[in-house]
Amino acid sequence: MSYLQVTGLTHGYGDKLLYKNAEFSLYTGEHMGVVGPNGAGKSTFIGILTGEIVPDEGMVSTQPGTRLGYLDQHATVNGADSIREYLKTAFEGLYQTENNMLTCYQRYAETGEESLLTQAAEYQQILEKEDFYQLDTKIEQVASGLGLVSIGMERRFDTLSGGQRAKVILAKLLLGTPDILLLDEPTNFLDQEHVEWLAGFLRSFENAFLVVSHDYCFLQKISNCICDIENGSIRKYHGSYEQFLKQKEHQREEYLRRYQSQQRKIKQEEEYIRRNIAGVNSRIAKGRRKRLERMERIQAPTGSLIKPAVRFLPAPCSAQELLTVKNLEIGYYYPLLRLFHFHVDNGQRILITGFNGIGKSTLLKTLMGWIPPLSGEYHFAESVKPGYYEQELRWEKPEETPLDILANRFPALSAKELRQALARYGLTREHILQPVSTLSGGEQARIKLCLLCLSPCNFLILDEPTNHLDAQSKAALLQALQEFPGSILLVSHEPEFFQNLNARIVRL
(Lines give C-alpha, C1' and ligand atoms only; values in the text may rest on other atoms or scores of the structure.)
Protein backbone atom coordinates (compact mmCIF):
# COMPACT_ATOMS: atom_id res chain seq x y z
CA MET A 1 0.00 0.00 0.00
CA SER A 2 1.26 3.49 -0.86
CA TYR A 3 1.60 5.53 2.34
CA LEU A 4 2.47 8.70 0.45
CA GLN A 5 1.88 9.79 -3.14
CA VAL A 6 3.21 12.84 -5.00
CA THR A 7 1.78 13.67 -8.43
CA GLY A 8 2.58 16.42 -10.93
CA LEU A 9 5.05 18.14 -8.59
CA THR A 10 6.53 21.33 -10.05
CA HIS A 11 8.38 23.87 -7.93
CA GLY A 12 11.11 26.45 -8.26
CA TYR A 13 12.59 29.65 -6.90
CA GLY A 14 12.83 32.53 -9.37
CA ASP A 15 14.37 31.19 -12.57
CA LYS A 16 15.61 28.03 -10.86
CA LEU A 17 13.36 25.01 -11.46
CA LEU A 18 13.80 22.29 -8.85
CA TYR A 19 11.25 19.74 -10.12
CA LYS A 20 8.95 19.53 -13.14
CA ASN A 21 5.93 17.19 -13.22
CA ALA A 22 7.67 14.85 -10.79
CA GLU A 23 5.95 11.68 -9.59
CA PHE A 24 6.82 9.89 -6.37
CA SER A 25 5.45 7.20 -4.06
CA LEU A 26 6.48 5.72 -0.71
CA TYR A 27 5.17 2.33 0.35
CA THR A 28 4.79 0.55 3.68
CA GLY A 29 8.15 -0.56 5.07
CA GLU A 30 10.28 1.34 2.54
CA HIS A 31 13.44 2.80 4.02
CA MET A 32 14.44 5.57 1.65
CA GLY A 33 17.57 7.68 1.43
CA VAL A 34 17.19 11.05 -0.32
CA VAL A 35 20.27 12.22 -2.25
CA GLY A 36 21.25 14.85 -4.79
CA PRO A 37 23.80 17.62 -5.33
CA ASN A 38 23.75 20.77 -3.21
CA GLY A 39 20.87 23.01 -4.21
CA ALA A 40 18.91 20.26 -5.98
CA GLY A 41 15.96 20.73 -3.60
CA LYS A 42 16.21 17.90 -1.05
CA SER A 43 15.27 19.96 2.01
CA THR A 44 12.62 21.78 -0.04
CA PHE A 45 11.14 18.39 -0.94
CA ILE A 46 10.91 17.46 2.74
CA GLY A 47 9.27 20.84 3.39
CA ILE A 48 6.69 20.12 0.70
CA LEU A 49 5.91 16.70 2.19
CA THR A 50 5.37 18.23 5.65
CA GLY A 51 3.19 21.02 4.25
CA GLU A 52 5.58 23.78 5.32
CA ILE A 53 6.15 24.68 1.65
CA VAL A 54 3.32 24.93 -0.89
CA PRO A 55 4.49 23.69 -4.32
CA ASP A 56 3.86 25.71 -7.48
CA GLU A 57 1.93 22.76 -8.93
CA GLY A 58 1.09 19.21 -7.93
CA MET A 59 -0.39 17.32 -5.02
CA VAL A 60 0.86 15.41 -1.97
CA SER A 61 -1.55 12.83 -0.57
CA THR A 62 -1.33 10.24 2.23
CA GLN A 63 -3.54 7.40 3.39
CA PRO A 64 -6.23 8.52 5.88
CA GLY A 65 -4.92 8.47 9.44
CA THR A 66 -1.26 8.39 8.42
CA ARG A 67 0.96 9.91 11.14
CA LEU A 68 3.84 11.97 9.75
CA GLY A 69 6.86 12.62 11.99
CA TYR A 70 9.34 15.38 11.10
CA LEU A 71 12.60 16.36 12.80
CA ASP A 72 11.90 20.03 13.53
CA GLN A 73 14.94 21.46 15.31
CA HIS A 74 13.08 24.75 15.82
CA ALA A 75 10.17 23.19 17.69
CA THR A 76 8.76 25.21 20.61
CA VAL A 77 9.76 23.56 23.87
CA ASN A 78 9.13 24.45 27.50
CA GLY A 79 12.66 25.27 28.64
CA ALA A 80 11.86 24.35 32.25
CA ASP A 81 11.13 20.73 31.28
CA SER A 82 13.78 18.12 31.97
CA ILE A 83 14.94 15.83 29.17
CA ARG A 84 12.90 13.00 30.72
CA GLU A 85 9.75 15.12 30.98
CA TYR A 86 10.07 16.24 27.38
CA LEU A 87 10.55 12.68 26.09
CA LYS A 88 7.45 11.56 27.94
CA THR A 89 5.40 13.99 25.84
CA ALA A 90 5.84 11.52 22.95
CA PHE A 91 3.23 9.39 24.78
CA GLU A 92 0.81 12.09 25.93
CA GLY A 93 -2.17 10.12 24.65
CA LEU A 94 -1.24 7.02 26.66
CA TYR A 95 -0.59 8.98 29.84
CA GLN A 96 -4.01 10.58 29.39
CA THR A 97 -5.52 7.11 28.99
CA GLU A 98 -3.87 6.09 32.26
CA ASN A 99 -5.37 9.16 33.97
CA ASN A 100 -8.79 8.27 32.58
CA MET A 101 -8.45 4.73 33.95
CA LEU A 102 -7.43 5.96 37.41
CA THR A 103 -10.32 8.44 37.39
CA CYS A 104 -12.75 5.60 36.64
CA TYR A 105 -11.43 3.59 39.60
CA GLN A 106 -11.64 6.62 41.87
CA ARG A 107 -15.20 7.40 40.84
CA TYR A 108 -16.15 3.72 41.26
CA ALA A 109 -14.81 3.82 44.83
CA GLU A 110 -17.00 6.84 45.46
CA THR A 111 -20.21 5.73 43.67
CA GLY A 112 -20.02 1.96 43.24
CA GLU A 113 -21.24 2.28 39.62
CA GLU A 114 -20.36 -0.98 37.80
CA SER A 115 -20.08 0.65 34.34
CA LEU A 116 -17.01 2.52 35.58
CA LEU A 117 -15.19 -0.77 36.13
CA THR A 118 -16.03 -1.80 32.56
CA GLN A 119 -14.70 1.51 31.24
CA ALA A 120 -11.53 1.18 33.34
CA ALA A 121 -10.95 -2.33 31.96
CA GLU A 122 -11.20 -0.99 28.42
CA TYR A 123 -8.59 1.65 29.20
CA GLN A 124 -6.41 -1.07 30.76
CA GLN A 125 -6.58 -3.13 27.56
CA ILE A 126 -5.46 -0.12 25.49
CA LEU A 127 -2.48 0.46 27.79
CA GLU A 128 -1.43 -3.18 27.72
CA LYS A 129 -1.76 -3.34 23.92
CA GLU A 130 0.54 -0.32 23.57
CA ASP A 131 3.12 -1.70 26.10
CA PHE A 132 2.46 1.27 28.33
CA TYR A 133 4.19 -0.29 31.31
CA GLN A 134 7.40 -0.64 29.30
CA LEU A 135 7.54 3.04 28.33
CA ASP A 136 10.16 3.96 30.92
CA THR A 137 12.43 1.21 29.61
CA LYS A 138 11.83 2.30 26.01
CA ILE A 139 12.64 5.93 26.87
CA GLU A 140 15.86 4.87 28.61
CA GLN A 141 16.93 2.73 25.62
CA VAL A 142 16.48 5.53 23.07
CA ALA A 143 17.99 8.14 25.40
CA SER A 144 21.00 5.93 26.05
CA GLY A 145 21.46 5.18 22.34
CA LEU A 146 21.62 8.90 21.50
CA GLY A 147 23.86 9.78 24.46
CA LEU A 148 21.22 11.63 26.50
CA VAL A 149 21.69 9.53 29.65
CA SER A 150 25.29 10.72 29.92
CA ILE A 151 24.07 14.33 29.65
CA GLY A 152 21.65 13.75 32.52
CA MET A 153 17.96 12.92 32.10
CA GLU A 154 16.96 15.51 34.70
CA ARG A 155 18.85 18.29 32.89
CA ARG A 156 16.65 21.28 31.99
CA PHE A 157 16.01 21.79 28.30
CA ASP A 158 17.06 25.45 28.35
CA THR A 159 20.57 24.53 29.54
CA LEU A 160 21.30 22.32 26.51
CA SER A 161 23.58 23.19 23.60
CA GLY A 162 22.18 23.30 20.07
CA GLY A 163 23.43 19.80 19.29
CA GLN A 164 22.08 18.37 22.55
CA ARG A 165 18.70 20.00 21.94
CA ALA A 166 18.55 18.45 18.46
CA LYS A 167 19.32 15.02 19.95
CA VAL A 168 16.46 15.31 22.44
CA ILE A 169 14.00 16.35 19.72
CA LEU A 170 15.18 13.41 17.58
CA ALA A 171 14.72 11.02 20.51
CA LYS A 172 11.12 12.15 21.02
CA LEU A 173 10.42 11.72 17.32
CA LEU A 174 11.80 8.15 17.32
CA LEU A 175 9.80 7.26 20.44
CA GLY A 176 6.60 8.38 18.73
CA THR A 177 7.07 5.76 15.94
CA PRO A 178 5.14 7.67 13.23
CA ASP A 179 3.90 5.89 10.10
CA ILE A 180 6.27 8.00 8.00
CA LEU A 181 9.46 9.38 9.51
CA LEU A 182 11.14 12.36 7.79
CA LEU A 183 14.73 13.18 8.78
CA ASP A 184 16.86 15.94 7.22
CA GLU A 185 20.59 15.41 7.91
CA PRO A 186 20.10 13.66 11.29
CA THR A 187 23.79 12.70 11.62
CA ASN A 188 25.07 16.29 11.54
CA PHE A 189 24.75 16.62 15.32
CA LEU A 190 25.55 13.02 16.32
CA ASP A 191 28.82 11.45 17.44
CA GLN A 192 29.98 8.36 15.57
CA GLU A 193 28.78 5.88 18.20
CA HIS A 194 25.35 7.50 18.19
CA VAL A 195 25.26 7.44 14.37
CA GLU A 196 25.85 3.68 14.60
CA TRP A 197 23.02 3.32 17.12
CA LEU A 198 20.65 5.37 14.94
CA ALA A 199 21.53 3.23 11.92
CA GLY A 200 20.59 0.09 13.87
CA PHE A 201 17.35 1.67 15.09
CA LEU A 202 16.32 2.69 11.57
CA ARG A 203 17.20 -0.70 10.10
CA SER A 204 14.69 -2.32 12.46
CA PHE A 205 12.09 0.46 12.06
CA GLU A 206 8.86 -1.25 10.97
CA ASN A 207 7.27 1.77 9.27
CA ALA A 208 8.47 3.89 6.34
CA PHE A 209 11.00 6.72 6.41
CA LEU A 210 12.78 9.25 4.21
CA VAL A 211 16.25 10.39 5.29
CA VAL A 212 18.17 13.22 3.62
CA SER A 213 21.88 12.71 4.24
CA HIS A 214 25.31 13.37 2.78
CA ASP A 215 26.71 10.59 4.96
CA TYR A 216 26.73 7.87 2.33
CA CYS A 217 28.06 5.12 4.62
CA PHE A 218 25.06 5.82 6.84
CA LEU A 219 22.67 5.60 3.87
CA GLN A 220 24.22 2.30 2.81
CA LYS A 221 23.38 0.85 6.24
CA ILE A 222 19.77 2.03 6.49
CA SER A 223 18.28 2.23 2.98
CA ASN A 224 16.46 -0.30 0.82
CA CYS A 225 15.62 2.33 -1.83
CA ILE A 226 16.94 5.72 -2.91
CA CYS A 227 15.21 8.92 -4.02
CA ASP A 228 17.53 10.86 -6.34
CA ILE A 229 16.78 14.55 -6.92
CA GLU A 230 18.71 16.10 -9.81
CA ASN A 231 18.20 17.96 -13.08
CA GLY A 232 14.62 18.91 -12.27
CA SER A 233 13.51 15.32 -11.69
CA ILE A 234 12.77 13.02 -8.76
CA ARG A 235 13.64 9.41 -9.50
CA LYS A 236 13.26 6.37 -7.29
CA TYR A 237 15.70 3.46 -7.30
CA HIS A 238 15.23 0.12 -5.54
CA GLY A 239 18.12 -1.45 -3.67
CA SER A 240 20.98 -0.22 -1.50
CA TYR A 241 22.92 3.00 -1.95
CA GLU A 242 25.79 1.16 -3.66
CA GLN A 243 23.35 -0.49 -6.07
CA PHE A 244 21.85 2.93 -6.77
CA LEU A 245 25.29 4.33 -7.64
CA LYS A 246 25.82 1.64 -10.28
CA GLN A 247 22.40 2.28 -11.84
CA LYS A 248 22.92 6.03 -11.69
CA GLU A 249 26.27 5.88 -13.44
CA HIS A 250 24.77 4.12 -16.45
CA GLN A 251 21.92 6.62 -16.59
CA ARG A 252 24.28 9.58 -16.13
CA GLU A 253 26.32 8.49 -19.16
CA GLU A 254 23.14 8.28 -21.22
CA TYR A 255 21.92 11.67 -19.94
CA LEU A 256 25.26 13.31 -20.77
CA ARG A 257 25.17 11.80 -24.24
CA ARG A 258 21.66 13.20 -24.87
CA TYR A 259 22.55 16.61 -23.39
CA GLN A 260 25.74 16.96 -25.42
CA SER A 261 23.95 15.82 -28.59
CA GLN A 262 21.23 18.43 -28.07
CA GLN A 263 23.79 21.14 -27.34
CA ARG A 264 25.59 20.35 -30.64
CA LYS A 265 22.28 20.50 -32.52
CA ILE A 266 21.34 23.82 -30.84
CA LYS A 267 24.73 25.29 -31.73
CA GLN A 268 24.41 24.16 -35.35
CA GLU A 269 20.88 25.58 -35.63
CA GLU A 270 21.89 28.90 -34.02
CA GLU A 271 24.84 29.20 -36.40
CA TYR A 272 22.62 28.50 -39.43
CA ILE A 273 20.04 31.06 -38.24
CA ARG A 274 22.73 33.68 -37.65
CA ARG A 275 24.15 33.25 -41.16
CA ASN A 276 20.84 33.05 -43.05
CA ILE A 277 18.27 35.12 -41.13
CA ALA A 278 18.71 38.10 -43.48
CA GLY A 279 19.68 36.27 -46.68
CA VAL A 280 17.92 34.32 -49.43
CA ASN A 281 17.26 31.48 -46.96
CA SER A 282 15.58 33.81 -44.47
CA ARG A 283 12.28 31.88 -44.53
CA ILE A 284 14.03 28.59 -43.71
CA ALA A 285 16.07 30.29 -40.98
CA LYS A 286 12.94 31.75 -39.37
CA GLY A 287 11.28 28.33 -39.43
CA ARG A 288 14.30 26.79 -37.73
CA ARG A 289 14.27 29.56 -35.14
CA LYS A 290 10.64 28.77 -34.26
CA ARG A 291 11.46 25.07 -33.92
CA LEU A 292 14.41 25.96 -31.70
CA GLU A 293 12.23 28.15 -29.49
CA ARG A 294 9.73 25.29 -29.06
CA MET A 295 12.43 22.74 -28.31
CA GLU A 296 12.28 21.29 -24.79
CA ARG A 297 15.79 21.90 -23.48
CA ILE A 298 17.62 19.23 -21.52
CA GLN A 299 18.96 20.82 -18.33
CA ALA A 300 22.70 20.84 -17.80
CA PRO A 301 23.62 17.90 -15.53
CA THR A 302 24.42 19.86 -12.39
CA GLY A 303 26.12 17.05 -10.52
CA SER A 304 28.73 16.49 -13.22
CA LEU A 305 29.35 19.98 -14.59
CA ILE A 306 29.46 22.11 -11.44
CA LYS A 307 32.45 20.95 -9.42
CA PRO A 308 33.77 23.25 -6.68
CA ALA A 309 37.46 24.10 -6.92
CA VAL A 310 38.47 24.61 -3.26
CA ARG A 311 41.91 26.09 -2.74
CA PHE A 312 43.18 27.82 0.38
CA LEU A 313 45.61 30.74 0.00
CA PRO A 314 48.60 30.02 2.27
CA ALA A 315 50.19 32.92 4.16
CA PRO A 316 53.84 32.80 5.30
CA CYS A 317 54.53 31.98 8.93
CA SER A 318 57.89 32.28 10.70
CA ALA A 319 56.82 30.85 14.07
CA GLN A 320 57.44 27.24 15.07
CA GLU A 321 54.68 27.11 17.70
CA LEU A 322 51.51 28.75 16.38
CA LEU A 323 49.16 28.27 19.34
CA THR A 324 49.78 27.74 23.05
CA VAL A 325 46.96 26.92 25.47
CA LYS A 326 47.57 26.88 29.25
CA ASN A 327 45.14 25.84 32.00
CA LEU A 328 42.19 26.89 29.85
CA GLU A 329 38.67 26.55 31.22
CA ILE A 330 35.85 27.19 28.73
CA GLY A 331 32.07 27.39 28.88
CA TYR A 332 29.21 29.81 29.25
CA TYR A 333 27.56 29.91 32.68
CA TYR A 334 29.46 26.85 33.89
CA PRO A 335 32.63 25.06 32.71
CA LEU A 336 32.38 22.58 29.84
CA LEU A 337 36.09 21.74 29.76
CA ARG A 338 38.30 22.34 32.78
CA LEU A 339 41.96 23.33 32.99
CA PHE A 340 43.51 21.73 29.94
CA HIS A 341 46.52 22.66 27.86
CA PHE A 342 48.00 21.88 24.45
CA HIS A 343 49.96 23.51 21.63
CA VAL A 344 49.89 23.45 17.83
CA ASP A 345 53.15 23.50 15.86
CA ASN A 346 53.69 24.91 12.40
CA GLY A 347 52.27 22.52 9.79
CA GLN A 348 50.64 20.28 12.39
CA ARG A 349 47.14 18.87 11.80
CA ILE A 350 44.95 18.15 14.80
CA LEU A 351 41.51 16.55 14.71
CA ILE A 352 39.25 17.15 17.72
CA THR A 353 36.55 14.58 18.46
CA GLY A 354 34.31 13.92 21.44
CA PHE A 355 30.71 13.62 22.55
CA ASN A 356 28.25 16.15 21.21
CA GLY A 357 27.90 19.04 23.66
CA ILE A 358 31.23 18.43 25.39
CA GLY A 359 32.54 21.77 24.16
CA LYS A 360 34.30 21.28 20.80
CA SER A 361 32.60 24.24 19.09
CA THR A 362 32.87 26.31 22.28
CA LEU A 363 36.63 25.67 22.30
CA LEU A 364 37.03 26.96 18.74
CA LYS A 365 34.84 30.02 19.41
CA THR A 366 36.93 30.76 22.50
CA LEU A 367 40.17 30.54 20.53
CA MET A 368 38.69 32.91 17.92
CA GLY A 369 37.81 35.41 20.68
CA TRP A 370 34.04 35.04 20.24
CA ILE A 371 33.60 33.71 23.80
CA PRO A 372 35.77 34.78 26.75
CA PRO A 373 37.50 31.95 28.64
CA LEU A 374 36.34 31.28 32.22
CA SER A 375 39.97 31.03 33.28
CA GLY A 376 43.42 30.26 31.90
CA GLU A 377 44.97 31.67 28.75
CA TYR A 378 45.81 30.98 25.13
CA HIS A 379 48.21 32.73 22.78
CA PHE A 380 48.70 32.80 19.00
CA ALA A 381 52.10 33.61 17.54
CA GLU A 382 52.33 37.10 16.02
CA SER A 383 52.69 35.80 12.46
CA VAL A 384 49.54 33.64 12.68
CA LYS A 385 46.71 34.50 10.29
CA PRO A 386 43.79 32.23 11.24
CA GLY A 387 41.01 31.20 8.88
CA TYR A 388 37.84 30.19 10.74
CA TYR A 389 34.89 28.14 9.43
CA GLU A 390 31.87 28.32 11.74
CA GLN A 391 29.53 25.33 11.91
CA GLU A 392 26.28 27.34 12.02
CA LEU A 393 24.88 28.75 8.78
CA ARG A 394 24.07 32.24 9.95
CA TRP A 395 24.60 35.59 8.30
CA GLU A 396 24.76 39.11 9.69
CA LYS A 397 22.42 40.30 6.93
CA PRO A 398 20.49 37.29 5.55
CA GLU A 399 18.76 39.47 2.97
CA GLU A 400 22.07 40.19 1.20
CA THR A 401 23.07 38.25 -1.91
CA PRO A 402 26.30 36.23 -2.06
CA LEU A 403 27.69 38.85 -4.43
CA ASP A 404 26.93 41.59 -1.88
CA ILE A 405 28.54 39.61 0.93
CA LEU A 406 31.77 39.08 -1.00
CA ALA A 407 31.84 42.68 -2.22
CA ASN A 408 31.55 43.99 1.34
CA ARG A 409 34.27 41.65 2.59
CA PHE A 410 36.65 42.18 -0.36
CA PRO A 411 36.08 45.70 -1.73
CA ALA A 412 39.33 45.62 -3.72
CA LEU A 413 38.03 42.84 -6.00
CA SER A 414 36.05 43.71 -9.12
CA ALA A 415 32.53 42.40 -9.74
CA LYS A 416 33.95 40.09 -12.41
CA GLU A 417 36.52 38.65 -10.00
CA LEU A 418 33.84 38.09 -7.34
CA ARG A 419 31.56 36.31 -9.83
CA GLN A 420 34.44 34.12 -10.99
CA ALA A 421 35.29 33.25 -7.38
CA LEU A 422 31.70 32.20 -6.63
CA ALA A 423 31.52 30.24 -9.90
CA ARG A 424 34.57 28.21 -8.85
CA TYR A 425 32.48 26.95 -5.94
CA GLY A 426 29.63 25.79 -8.15
CA LEU A 427 27.38 28.82 -7.62
CA THR A 428 25.44 29.89 -10.70
CA ARG A 429 24.36 33.36 -11.80
CA GLU A 430 20.95 32.73 -10.21
CA HIS A 431 22.53 31.74 -6.87
CA ILE A 432 24.70 34.82 -6.49
CA LEU A 433 21.79 37.23 -7.00
CA GLN A 434 19.40 35.60 -4.49
CA PRO A 435 19.18 36.50 -0.78
CA VAL A 436 21.63 34.15 0.93
CA SER A 437 18.93 32.95 3.36
CA THR A 438 16.91 31.48 0.44
CA LEU A 439 19.75 29.19 -0.66
CA SER A 440 20.12 25.57 0.40
CA GLY A 441 22.41 24.53 3.24
CA GLY A 442 24.94 23.15 0.77
CA GLU A 443 24.96 26.35 -1.30
CA GLN A 444 25.44 28.47 1.82
CA ALA A 445 28.29 26.21 2.93
CA ARG A 446 29.99 26.74 -0.45
CA ILE A 447 29.72 30.52 -0.01
CA LYS A 448 31.39 30.22 3.40
CA LEU A 449 34.19 28.17 1.84
CA CYS A 450 34.60 30.78 -0.89
CA LEU A 451 34.89 33.56 1.72
CA LEU A 452 37.47 31.56 3.65
CA CYS A 453 39.56 30.74 0.60
CA LEU A 454 39.76 34.36 -0.56
CA SER A 455 41.62 35.35 2.63
CA PRO A 456 45.27 34.22 2.95
CA CYS A 457 45.83 32.23 6.16
CA ASN A 458 48.35 29.88 7.75
CA PHE A 459 46.17 28.32 10.46
CA LEU A 460 42.80 26.80 9.51
CA ILE A 461 40.29 26.41 12.35
CA LEU A 462 37.33 24.43 11.00
CA ASP A 463 34.14 23.43 12.84
CA GLU A 464 32.30 20.57 11.09
CA PRO A 465 32.96 21.93 7.57
CA THR A 466 31.43 18.88 5.82
CA ASN A 467 27.92 19.42 7.20
CA HIS A 468 25.60 20.17 4.26
CA LEU A 469 28.24 19.35 1.61
CA ASP A 470 27.62 16.78 -1.12
CA ALA A 471 30.17 14.14 -2.16
CA GLN A 472 31.93 16.26 -4.77
CA SER A 473 32.25 19.23 -2.43
CA LYS A 474 33.63 17.01 0.34
CA ALA A 475 36.20 15.53 -2.03
CA ALA A 476 37.27 18.99 -3.18
CA LEU A 477 37.57 20.20 0.43
CA LEU A 478 39.60 17.16 1.48
CA GLN A 479 42.02 17.65 -1.41
CA ALA A 480 42.44 21.33 -0.50
CA LEU A 481 43.18 20.42 3.13
CA GLN A 482 45.70 17.78 2.07
CA GLU A 483 47.51 20.38 -0.07
CA PHE A 484 47.40 23.16 2.55
CA PRO A 485 50.93 23.69 3.99
CA GLY A 486 49.82 25.45 7.18
CA SER A 487 48.39 24.16 10.47
CA ILE A 488 44.87 22.76 10.81
CA LEU A 489 42.61 22.45 13.85
CA LEU A 490 39.56 20.49 12.73
CA VAL A 491 36.36 19.39 14.47
CA SER A 492 34.63 16.59 12.55
CA HIS A 493 32.40 13.59 13.22
CA GLU A 494 32.99 11.88 9.84
CA PRO A 495 35.79 9.29 9.91
CA GLU A 496 35.37 8.73 6.16
CA PHE A 497 36.40 12.35 5.67
CA PHE A 498 39.25 12.88 8.12
CA GLN A 499 40.92 9.46 8.02
CA ASN A 500 42.92 10.49 4.92
CA LEU A 501 44.09 13.76 6.46
CA ASN A 502 46.99 12.27 8.45
CA ALA A 503 45.98 14.25 11.54
CA ARG A 504 46.74 13.75 15.22
CA ILE A 505 43.46 12.83 16.92
CA VAL A 506 42.56 14.47 20.23
CA ARG A 507 39.46 13.11 21.96
CA LEU A 508 37.85 15.43 24.50
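By salt bridge I mean a side-chain nitrogen of Lys or Arg within 4 Å of a carboxyl oxygen of Asp or Glu. R288 sits in helix α11 (residues 282–294) and E269 in helix α10 (residues 241–276), so the bridge ties together parts 19 residues apart in sequence.

Some ground rules. The model is predicted, so local features need pLDDT of at least 70 and side-chain atom pairs count only at pLDDT 80 or more, while totals for chains, interfaces and linings use all residues. Residues are numbered from 1 along each chain as its sequence is written, and side-chain values use heavy atoms, with hydrogens and water left out.

Is E269 buried or exposed? Buried, with a relative accessible area of 11%. R288 is partly exposed at 24%. The cut-offs: buried is under 20% relative accessible area, exposed is over 50%, and partly exposed lies in between, with a 1.4 Å probe and protein chains only.

How many salt bridges does the rule give? The count is 15. Here are two others.

E392 and K365 meet at 3.6 Å, N to O. E392 is in the loop between β14 (386–389) and α14 (402–409), K365 in helix α13 (residues 360–367), so this bridge ties parts 27 residues apart in sequence. K365 is buried at 10% relative accessibility. E392 is partly exposed at 30%.

Next, R84 and E140, at 2.7 Å from N to O. This pair links distant parts of the chain: R84 in helix α2 (residues 83–88) and E140 in helix α5 (residues 135–145), 56 residues apart. R84 is partly exposed at 26%. E140 is partly exposed too, at 29%.

Now the sheet. Five strands form an open sheet, in the order β14-β15-β16-β12-β17, with parallel pairing. Which strands stand at the edges? They are β14 and β17 (504–507), each with a single partner strand, so one side of each has no neighbour in the sheet. The twist averages 15 degrees from one strand to the next. Two strands count as paired if DSSP finds at least two bridges between them.

Strand β14 joins β15 (residues 459–463) through 4 bridges, and the two run parallel. Y388 stands opposite I461 in β15.

Helix α18 (residues 471–483) lies across β12 (349–353), β15 and β16 (487–491). It runs at about 135 degrees to β12. Axes are lines fitted to C-alpha atoms, for helices over the stretch in contact; angles run from 0 to 180 degrees between N-to-C directions. Contact means heavy atoms within 4.5 Å.

Last, a helix pair. α14 and helix α15 (residues 415–424) pack at about 120 degrees, axes 10 Å apart. That makes α14 oblique to α15. The classes: under 35 degrees is roughly parallel, over 145 roughly antiparallel, 65 to 115 roughly perpendicular, and the rest oblique.

Which residues meet here? From α14, P402, L403, L406 and A407; from α15, A415, L418, R419, A421 and L422.
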